[in-house]
Amino acid sequence: MIHIYKKGTNKNTLLLLHGTGGDESDLLEIGRIIDPEANVLSVRGNVKEGGMNRFFRRLSPGVFDLEDLEKRTQELYGFIDEASEKYGFDRDRVIALGYSNGANIAGSMLFSIKNALWGAILLRPMMPRRDKELVVNDNTKVFISAGTFDSICPPEESKELADHLKSKNKEVRLEWVNANHSLTYNELLVIRDWYIQNF
Ligand code: MLT
């Protein structure tokens, strides 16, 4: 997969996953705010939709192609493994930081792969799927940041995901932001505090 890797000075690796129409450079600055010392693996989604990069296909806005979602989730998982071999980062200390479509593929990992992530910061996520049980480890820590009037990723879907994680005894924090789909600087500061406490 097309990606940027930057070696850091601590043992954590931030896996950056952009939103629809973005690329691997989009979240570098946000990653730097959250943990300026971490390694960074920033990946470009392999799917094109009218020229826009995505991590998996959708049938229409908000309706995911679940077969492709599964395939791309496994592909991304395989890529993280390969990258950890190639660059020598600790595979057990990977924390995803995904926005929108990137948050949705990171969310999908929680349903498909037990040990893929040490943590997941999901910015404006939706409920990635309802046809599968969560398989993620109980100790994978999840942060969900939801916009109260997000018109692209409906806030009730972010809440549904958080409630679902909670109901299965997963560690999850849901933070409401008085915002639409765009991120705010303040929420990044809240995430940074949470990150420092947890990793
Ligand atoms: C998705 O397709 O993952 C969501 O609708 C969010 C987005 O538009 O990227």
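**Salt bridges and accessibility in a predicted model**

User: Why is Lys-132 called partly exposed?
Analyst: In this predicted model, Lys-132 has 29% relative accessibility.

User: What makes the contact of Lys-132 and Glu-70 a salt bridge?
Analyst: Their side chains meet at 3.1 Å, N to O. The cut-off is within 4 Å, so the pair qualifies. Lys-132 sits in the loop between strand S9 (119-123) and strand S10 (141-147), while Glu-70 belongs to helix H2 (residues 66-87), 62 residues apart. Shared partners also join Glu-70, Arg-129, Asp-131 and Lys-132 into one network of salt bridges.

User: How do you know that Arg-44 and Glu-24 form a salt bridge?
Analyst: The N to O distance is 2.8 Å, and the limit is 4 Å, so this pair counts too. The two residues are 20 apart in the chain: Arg-44 lies in the loop between strands S3 (39-43) and S4 (47-49), and Glu-24 in the loop between strand S2 (13-17) and helix H1 (28-34).

User: Is Glu-24 buried or exposed, and why?
Analyst: Glu-24 has a relative accessible area of 11%. Buried means under 20%, so Glu-24 is buried.

User: What makes Asp-65 and Arg-57 a salt bridge?
Analyst: Their closest N and O atoms are 4.0 Å apart. Since the rule says within 4 Å, the pair is included. Asp-65 is buried at 17%, whereas Arg-57 is partly exposed at 44%.

User: How many salt bridges does the whole structure hold?
Analyst: The search finds 19.

How values were computed
Residues are numbered from 1 along each chain as its sequence is written. This is a predicted model: local features need pLDDT of at least 70, side-chain atom pairs count only at pLDDT 80 or more; totals for chains, interfaces and linings use all residues. Side-chain values use heavy atoms; hydrogens and water are left out. Helices (H or I, at least four residues) and strands (E, at least two) are DSSP runs, numbered from the N terminus. Buried means under 20% relative accessible area, exposed over 50%, partly exposed in between (1.4 Å probe, protein chains only).
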